[in-house]
Amino acid sequence: MYTALRLQRKLKRGEAEITVVDPEPYMTYQPFLPEAAAGSISPRHVVVPLRRVLDKCQVVVGEAQSIDHAKRTATVTTLATEEEGTGAIELHYDELVLAPGSVSRTLPVPGLADHGIGFKTVEEAIGLRNHVLEQLDIASSTRDPEVRDAALTFVFVGGGYAGVEALAELEDMARFASRYYHNVSPEDMKWILVEATGRILPEVGAEMGTYAVRELRRRNIDVRLETRLDSCEDRVAQLSDGSRFPTRTLVWTAGVKPHPILAATDLPLNERGRLVCTAGLRVAGVEHAWAAGDAAAVPDRTAAEPGKECAPNAQHALRQAKVLAENIIASLRGEPVKDYEHAYVGSVASLGLHKGVAHVYGRKVKGYPAWFMHRAYHLSRVPTVNRKARVLAEWTLSGLFKREIVSLGSLEHPRAEFELAAGTGRHNETT
């Protein structure tokens with residue numbers, strides 16, 4: 001989206017046609033997902049509508065099934081092709097920009113596919129929010145101690161950004177929500193973070209990672225380092241240290257992998273399945289193919305050791321998009337392209353409301369200042385003035401008023417009430 005946005009601004013009228021293919025009609029700003037899950041930001045403000053932002057581009061809501069770059073064609077399925085039953089369509093192109101990002105990396109853990117919840121889309125974030133609040137309702141109304149214990153046990157697997165920030169924000173929300181339940185207290189809930197390595201948040205450094213563990217444990221969050229999830233069959237989380245936790249909530253954020261579309265192309269991939277790219281963001285050894293973001297293995301020109309690649313994170317992806325657009329324009333006009341080069345400045349992470357850690361430009365920051373830096377940085381990066389203003393307004397209002405703690409889980413099944421009325425449910429009027 002960022003590349004297309006810059007292209008439509010910089011290209012002259014009639015110089016090129018830009019077609020954007022995406023399964024969703026919006027771009028999700030993923031760093032805001034934890035706050036959306038906690039209710040600090042409305043879901044609609046976490047996404048950017050492509051048709052509105054890319055008004056000079058042709059937006060095709062569809063999914064690329066395969067790409068034959070030798071023939072310069074992409075095979076795409078759309079909502080219309082599904083309705084028509086005519087099969088996929090072929091889109092022809094002159095220049096290809098491949099930036100599908102990544103998907104959740106799962107492992108063959110028994111029961112994970114049946115009971116796990118991901119955290120990469122706005123639907124998953126809002127679904128998880130509704131689910132957590134529903135568990136408080138279950139715990140409040142049941143008389144079965146085993147059902148209550150499972151409802152109030154929340155297991156998160158993966159100590160990276162997604163896992164830590166999601167857990168911290170949701171724990172904050174559930175702690176606040178518990179004051180409105182006469183028989184549920186924060187001490188009744190078990191929040192467990194499972195991490196296979198010896199540290200969490202490696203991007204912020206060892207010292208800040210240790211502080212984050214200490215801060216989470218101070219909030220009675222059970223952080224288990226060097227521990228793996230062995231099984232979650234029958235809704236029981238079995239850990240490698242022998243612990244067993246009956247739970248109705250298991251969130252899987254243990255890493256990502258390249259998007260499957262990369263394997264359905266004739267473009268060169270490295271051993272991790274990412275596109276082999278040059279510093280100029282071209283796909284190596286191929287003309288008229290470009291890539292950026294998580295899907296691209298781009299040489300890190302600022303690294304001391306040779307052969308190192310840019311980390312697959314938003315900091316690089318946003319900056320690569322700008323260079324990529326400029327290089328495409330230069331290529332079309334027969335001008336030289338420039339190499340992508342950006343020194344990693346550091347990272348910031350939220351640990352819930354008013355709490356955070358940061359390691360930026362060599363400086364280590366924690367607590368409220370780090371949390372403020374986290375919000376300020378992402379507010380500056382979210383696209384369009386419209387979104388910036390709306391997010392800032394919501395943050396301001398959330399500071400003046402209490403959190404909303406309503407579960408709207410029924411949104412996931414919008415026809416349920418009508419089906420009940422039309423069938424033999426409690427609203428049936430034909431009997």
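## Terms and model

A residue is called buried when its relative accessible area is under 20%, exposed when it is over 50%, and partly exposed in between, using a 1.4 Å probe and protein chains only. By this scale E305, with a relative accessible area of 42%, is partly exposed.

This is a predicted model, in which local features need pLDDT of at least 70, side-chain atom pairs count only at pLDDT 80 or more, and totals for chains, interfaces and linings use all residues. Residues are numbered from 1 along each chain as its sequence is written, and side-chain values use heavy atoms, with hydrogens and water left out.

## Overall form

The protein chain has 13 helices and 23 strands. Its radius of gyration is 23 Å, close to the 22 Å that the globule rule gives for 431 residues, so the chain is as compact as a globular protein of that length. The radius is taken over C-alpha atoms, and the globule rule is 2.2 Å times the number of residues to the power 0.38. Helices (H or I, at least four residues) and strands (E, at least two) are DSSP runs, numbered from the N terminus.

Along the principal axes, the C-alpha atoms fill a box of roughly 75 × 65 × 45 Å. Of the 431 residues in the protein chain, 47% are buried.

## The five-stranded sheet

Five strands form an open sheet in the order β9-β16-β10-β11-β12, with parallel pairing. Strands β9 (116-117) and β12 stand at the edges with a single partner strand each, so one side of each has no neighbour in the sheet. Two strands pair if DSSP finds at least two bridges between them.

Strand β11 (residues 190-194) is mostly covered, since four of its five residues are buried. Five bridges join β11 to the parallel strand β10 (residues 153-157), and V157 has V194 in β11 as its bridge partner. Between β10 and β11 the chain passes through helix α8 (residues 161-177), in a right-handed β-α-β crossover. Right-handed means that, with the strands pointing away from the viewer, the path from the first strand over the helix to the second runs clockwise. Four bridges join β11 to strand β12 (residues 221-224), again in parallel, and I192 stands opposite D222 in β12. Another right-handed β-α-β unit is made by β11, helix α9 (residues 206-218) and β12.

## Salt bridges

The structure holds 16 salt bridges, each being a side-chain nitrogen of Lys or Arg within 4 Å of a carboxyl oxygen of Asp or Glu. One of them joins E171 and R175 at 2.7 Å, N to O. These two residues are four apart in helix α8, which separates them by about one helical turn. E171 is buried at 3% relative accessibility, whereas R175 is partly exposed at 31%.

R224 forms a salt bridge with D222, with the closest N and O atoms 2.9 Å apart; D222 is partly exposed at 27% relative accessibility. E305 forms a salt bridge with K308, with the closest N and O atoms 3.8 Å apart, and K308 is partly exposed at 40%. Salt bridges that share partners join E171, D172, R175, R219 and K355 into one network.
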